[in-house]
Amino acid sequence: MDYHLDLNWPDFIERYWQKRPVVLKRGFKNFIDPISPDELAGLAMESEVDSRLVSHQDGKWQVGHGPFESYDHLGETNWSLLVQAVDHWHEPTAALMRPFRALPDWRIDDLMISFSVPGGGVGPHLDQYDVFIIQGTGRRRWRVGEKVAMKQHCPHPDLLQVEPFEGIIDEELEPGDILYIPPGFPHEGYSLENSLNYSVGFRAPSGRELISGFADYVLQRELGSHRYADPDVPSRAHPADILPSELDKLRGMMLGLINDPEHFNQWFGEFISQSRHELDVAPPEPPYQPDEIYDALKQGDSLLRLGGLRVLRIGDAVFANGEKIESPHRPALEALTSSMALNGESFGDALDDPSFLAMLAALVNCGYWYFADQD
């Protein structure tokens with residue numbers, strides 16, 4: 001299914017993106033849910049899928065983590081089932097992510113889906129990332145507050161909330177409506193009837209994550225082995241002093257690693273193309289031979305990208321799930337980055353190059369792309 005988002009992107013970015021929350025009424029016209037509550041509940045029974053149940057009964061919050069064996073104990077009010085990265089496991093839902101490719105692929109994270117009964121929600125909270133919340137079946141009331149310093153507390157060890165706030169947005173969302181919330185704006189939603197919500201989240205790495213990730217890259221490749229040296233060690237008033245010039249030199253040694261564009265780009269491509277959630281990887285058995293890939297594509301078969309697979313580009317370098325894809329065939333690599341479905345024409349004359357075919361076969365045999373008739 002194709003979803004068409006009725007949104008003026010340049011205007012939205014200028015007025016709202018990372019600036020102000022906004023309700024986009026009927027952002028998706030004639031919205032049809034790509035998944036049913038029963039299908040969502042079934043996914044939450046799988047051990048590979050990240051899910052949780054949040055309930056609020058008699059003033060007490062409870063949080064349970066999947067996989068779940070049964071839902072028979074749940075009542076008819078005040079609970080929500082939340083399933084993370086559904087686009088990785090349920091192909092029709094991945095179509096909901098595509099209209100948001102007006103924003104950079106590297107910033108898009110995953111699709112979280114929640115099913116809530118009347119009164120169901122997770123309480124007032126704030127997120128440190130951008131999110132578009134699409135209303136599916138049912139109605140849900142949302143309140144969003146101003147971005148101000150707020151105290152947070154944990155009514156349950158697995159639930160972080162904020163104190164009550166005054167709403168600058170207070171609306172009921174109906175199917176196809178979208179609520180955009182930038183980082184740091186407190187918000188709260190609860191269902192007025194059985195409802196589905198789709199949250200398109202965006203990735204915003206912290207400085208801590210970046211430093212930790214780059215440090216791992218340096219260690220794995222045994223970089224930075226050059227040691228500090230001071231053949232003209234400066235004199236000082238006291239032997240305990242560390243001089244500003246020495247601190248500058250030490251800082252320069254560290255920054256020299258980060259400022260090396262070849263290593264920094266290689267690291268960031270690997271780092272940011274890795275999914276934060278498990279992928280539904282199913283390598284074909286037996287593995288494809290390159291000539292089988294060639295024949296299938298020439299006969300009109302299509303290769304589909306695995307849901308949730310992150311395929312990104314830095315300059316001429318292409319990365320998929322933490323791995324660099326090497327090939328001199330730039331148009332063919334461009335097709336891998338831009339299209340969700342590929343056929344023989346997508347690759348052009350690259351299919352006549354045995355080395356490209358071998359690389360493509362390796363990607364298919366990893367389960368990153370698969371033939372449409374295997375779905």
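Reader: Which backbone atom does the side chain of His-125 reach?
Author: The side chain of His-125 reaches the backbone oxygen of Gly-123, at 2.9 Å. That is listed as a polar contact, a pair of N or O atoms within 3.5 Å; within protein, one must be able to donate a hydrogen and the other to accept it, and residues adjacent in sequence count only if both atoms are side-chain atoms.

Reader: Before going on, what kind of model is this?
Author: It is a predicted model, in which local features need pLDDT of at least 70 and side-chain atom pairs count only at pLDDT 80 or more, while totals for chains, interfaces and linings use all residues. Residues are numbered from 1 along each chain as its sequence is written, and side-chain values use heavy atoms, with hydrogens and water left out.

Reader: Back to His-125. Where is it found?
Author: In the loop between β5 (108–116) and β6 (131–135). Strands here (E, at least two residues) and helices (H or I, at least four) are DSSP runs, numbered from the N terminus.

Reader: Is His-125 buried or exposed?
Author: Its relative accessible area is 14%, so His-125 is buried. Buried means under 20% relative accessible area, exposed over 50%, and partly exposed in between, with a 1.4 Å probe and protein chains only.

Reader: And what does His-125 touch?
Author: Leaving out residues up to four places away in sequence, His-125 touches Leu-160, Gln-161, Val-162, Phe-185, Pro-186 and His-187. Contact means heavy atoms within 4.5 Å.

Reader: Gln-161 sits in a strand, I think. What is its bridge partner?
Author: Gln-161, in β9, is the bridge partner of His-153. Strands β8 (residues 152–156) and β9 (residues 159–162) run antiparallel and are joined by 3 bridges. Two strands pair if DSSP finds at least two bridges between them. The hairpin from β8 to β9 passes through 2 residues.

Reader: What about the hairpin of β2 and β3?
Author: That hairpin has 2 residues between the strands, and Asp-58 takes a positive phi near 55° there. Strand β2 (residues 51–57) runs antiparallel to β3 (residues 60–65), with 6 bridges. Leu-53 has Gly-64 in β3 as its bridge partner.

Reader: Which residues is Ser-80 in contact with?
Author: Leu-53 is one of them. Apart from neighbours within four places in sequence, Ser-80 also contacts Arg-52, Val-54, Phe-115, Ser-116, Gly-120 and Gly-121. Ser-80 lies in strand β4 (residues 79–83), and its side chain reaches the backbone nitrogen of Gly-121 at 3.1 Å.

Reader: Why does Ser-80 count as buried?
Author: Because its relative accessibility is 1%.

Reader: Change of topic. Where is the place of Phe-31?
Author: Phe-31 is in the loop between β1 (22–24) and α2 (37–43). Phe-31 counts as buried because its relative accessibility is 12%.

Reader: How many residues apart in sequence are Phe-31 and Gln-135?
Author: They are 104 residues apart in sequence, with 8.8 Å from C-alpha to C-alpha. Gln-135 is among the residues that Phe-31 touches, including also Tyr-3, Leu-96, Pro-175 and Tyr-198.

Reader: Where are the cis peptide bonds?
Author: One runs from Gly-66 to Pro-67, with omega near 10°; Pro-67 is in the loop between β3 and β4. Another joins Glu-285 and Pro-286, with omega about -5°. Pro-286 lies in the loop between α6 (261–272) and α7 (290–298).

Reader: What is the phi of Asn-321?
Author: Near 50°, a positive value in a residue other than glycine. Asn-321 is in the loop between β16 (317–320) and β17 (323–325). With a relative accessible area of 22%, Asn-321 is partly exposed.

Reader: Which order do the strands of the open sheet take?
Author: The order is β18-β14-β19, 3 strands with antiparallel pairing. β18 (341–342) and β19 (369–371) are the edge strands, each pairing on one side only. Strand β14 (residues 303–305) is joined to β18 by 2 bridges, and Leu-304 stands opposite Ala-341 in β18.

Reader: Last one, the whole protein. How many helices and strands?
Author: The protein has 10 helices and 19 strands. Its C-alpha atoms fill a box of roughly 75 × 75 × 45 Å along the principal axes. Of the 375 residues, 46% are buried. Among contacts between residues at least 6 apart in sequence, 79% join residues at least 24 apart.
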